[in-house]
Amino acid sequence: MVRLKLIFIIFLIDIGLYYSYVNWSNLSKIKAKVFKILNIKSDFLNEIGDISRFSARFFREVIKPKQEWEEFINQCFWVGYKTLTLVGITAFIMGLVLTIQSRPTLVEFGAEAMLPAMVAVSLVREISPVITALICAGKIGSGMGAELGSMRVTEQIDAMEVSGTNPFKYLIVTRVLATTIMVPVLASVANAVSLYGGYLGANLRGDVSWSLYWFQVFDSLSFGDVVPSLIKTFFFGFAIGIVGCYKGFYSKKGTEGVGRSATTAVIVASLLVFIIDLLVVQVTDILGLT
Amino acid sequence: MEKRTPVVTVENVNKSFGDNHVLRDFSMKVEAGENLVILGKSGSGKSVLIKCIIKLIETDSGSITVLGKDIDALGEDELNRLRADIGFLFQSNALYDSMTVKENLLFPLRRHWSKEDREKMADAAILEALEDVGLAHTINMMPAELSGGMRKRIALARTLILRPKVILYDEPTTGLDPITGREISQLMIDVQKKYNATSIVISHDLNCIKMIANRMIMLINGKNYASGTFHELEAATDSKIKEFFE
């Protein structure tokens with residue numbers, strides 16, 4: 001516990017150092033000694049600092065005039081439309097499987113009538129947004145990591161800069177905005193499609209009418225179920241975009257670096273999805289929206 | 001611009017990557033209309049030097065003036081305007097592989113030409129640049145469909161589209177067969193004549209250097225070790241210079 005607290009304090013110091021222009025040399029020395037004592041490598045915290053700075057640059061660039069709207073629309077197409085089929089099929093199967101597997105337990109407790117409500121709350125609050133985000137982390141995060149990494153290695157990003165185009169604005173801002181906007185859209189589609197899967201699952205062993213199923217689904221869902229779930233998908237989208245772009249944009253030289261960028265983009269983005277999910281659940285719980 | 005006016009001035013430039021001191025008080029002047037070749041061993045800092053000239057890499061100290069402007073004193077917009085006057089041919093060509101040849105050539109114009117100008121004149125400018133490199137028929141092809149030599153020519157056409165006053169070539173003939181290498185070298189000479197551009201060329205290829213160089217600089221241990229014409233340096237007795245010509 002003491003070790004965890006110390007790591008947390010070091011984390012705060014690290015964030016402070018990155019956002020400060022004050023000479024904190026003494027504090028850095030103290031930090032280095034603490035790290036030595038705790039045998040912790042500072043690479044992880046440096047990475048967090050770098051991603052934070054990268055995100056700060058994104059916000060600076062996004063408010064500057066002259067956005068690359070054409071490229072943004074192009075990225076929305078790639079992120080949204082090109083992932084729609086994968087998300088749709090996965091969501092349908094998820095709804096179907098969840099309903100089929102939940103049914104025996106509910107039957108055992110004589111609560112079979114609660115099946116549509118239980119499936120709806122589970123899917124809309126948690127399963128659809130998280131699974132959609134994980135699919136996007138895998139497909140879009142790795143795609144961005146590999147694409148931008150390859151552009152970095154083959155000097156295409158430098159060529160863009162030489163031609164007077166701001167590569168950060170053209171490549172990063174457009175992609176991060178596209179994921180931030182399209183992941184919630186995909187999650188909403190996943191919600192709808194998974195509920196259709198749920199309807200099919202409910203009728204494989206039982207007999208639930210179309211109107212009764214949807215009445216129970218909408219009756220069970222409240223503002224506190226839908227809105228926080230939708231809001232967190234914006235954060236998921238932002239995290240997937242920023243991590244994929246960061247990993248690709250700062251890819252090390254060589255094809256090995258491109259592969260590593262793609263892989264770590266998926267790992268870090270997936271991890272962030274769970275961390276954001278955990279935080280959102282805590283916040284909604286505190287706000288009494290659960 | 002009159003002959004013998006320095007268009008690029010590099011003064012006491014230092015650049016290190018960690019403990020590796022790549023450039024040490026490097027200085028040089030390049031005059032208008034000159035074809036200057038910088039020769040040095042692999043890893044001697046030649047590419048770093050030309051990337052510093054266009055500010056893709058920041059120097060640690062020293063000053064670089066291009067077309068009368070100190071690049072360190074320029075803001076982002078001013079630097080981008082200056083970059084329109086500087087062409088850069090990358091060693092890897094750096095063609096955007098998700099775009100067609102036409103889109104590759106259109107890309108630099110979108111920043112420096114107004115939308116009206118692009119609509120009126122871009123097609124003609126693209127075609128002219130492609131004709132200059134003899135590849136007008138590839139306009140709708142993707143870079144992946146082109147050979148190495150063709151990609152190099154397209155990259156040169158993209159460099160020329162903004163009619164730069166200074167062109168920086170990073171190992172333009174590396175990875176090409178001797179015949180294609182000679183063709184690219186001849187193309188560089190033709191381009192220099194047509195556009196009256198000043199060229200700074202990084203190269204190891206002695207055939208290419210012999211064809212294009214008005215003057216050469218030997219970059220050894222991060223310093224401007226020697227300069228002169230190809231024949232002057234070829235005849236030098238200094239062992240460090242001689243080993244390049246052996």
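My entries go from the annotated spans to a helix pair, then the pockets, then a sheet.

**Ground rules.** I'm working with a predicted model, where local features need pLDDT of at least 70, side-chain atom pairs count only at pLDDT 80 or more, and totals for chains, interfaces and linings use all residues. Residues are numbered from 1 along each chain as its sequence is written, chains are lettered from A and ligands numbered from 1 in the order written, and side-chain values use heavy atoms, without hydrogens and water.

I checked the unreviewed UniProt entry: it annotates "transmembrane region" for chain A at residues 6-24, 83-101, 113-137, 176-199, 230-250 and 262-283. Such annotations may be inferred rather than shown by experiment; positions use the numbering here and feature names are shortened. I looked at residues 83-101 of chain A, which are 100% helix, with end C-alpha atoms 27 Å apart. (Helices are DSSP runs of H or I, at least four residues, and strands are runs of E, at least two, numbered from the N terminus.)

**A helix pair.** How do H4 and H5 of chain A pack? I found an angle of about 145° and axes 9 Å apart for H4 (residues 69-108) and H5 (residues 115-153) of chain A. (Axes are lines fitted to C-alpha atoms, for helices over the stretch in contact, and angles run from 0 to 180 degrees between N-to-C directions.)

The largest pocket holds about 1,700 Å³ of space. (A pocket is an open set of points on a 1 Å grid over the protein atoms alone, where a 1.4 Å probe fits, with protein on both sides within 12 Å along at least five of seven lines; lining residues have an atom within 4 Å of a point. Points are joined across faces, edges and corners, and the volume is the space filled by probe spheres set on them.) I noted 47 lining residues, with Glu68(A), Glu71(A), Tyr170(A), Phe107(B) and Arg110(B) nearest the centre. The second largest pocket comes to about 1,200 Å³, and 42 residues line it.

**The sheet in chain B.** I traced an open sheet of six strands, ordered S6-S7-S8-S3-S9-S10, with mixed pairing. (Two strands pair if DSSP finds at least two bridges between them.) S6 (86-89) and S10 (223-228) of chain B are edge strands with a single partner each, so one side of each has no neighbour in the sheet. S9 (residues 215-220) of chain B runs antiparallel to S10(B), joined by five bridges. Ile220(B) has Lys223(B) in S10(B) as its bridge partner.
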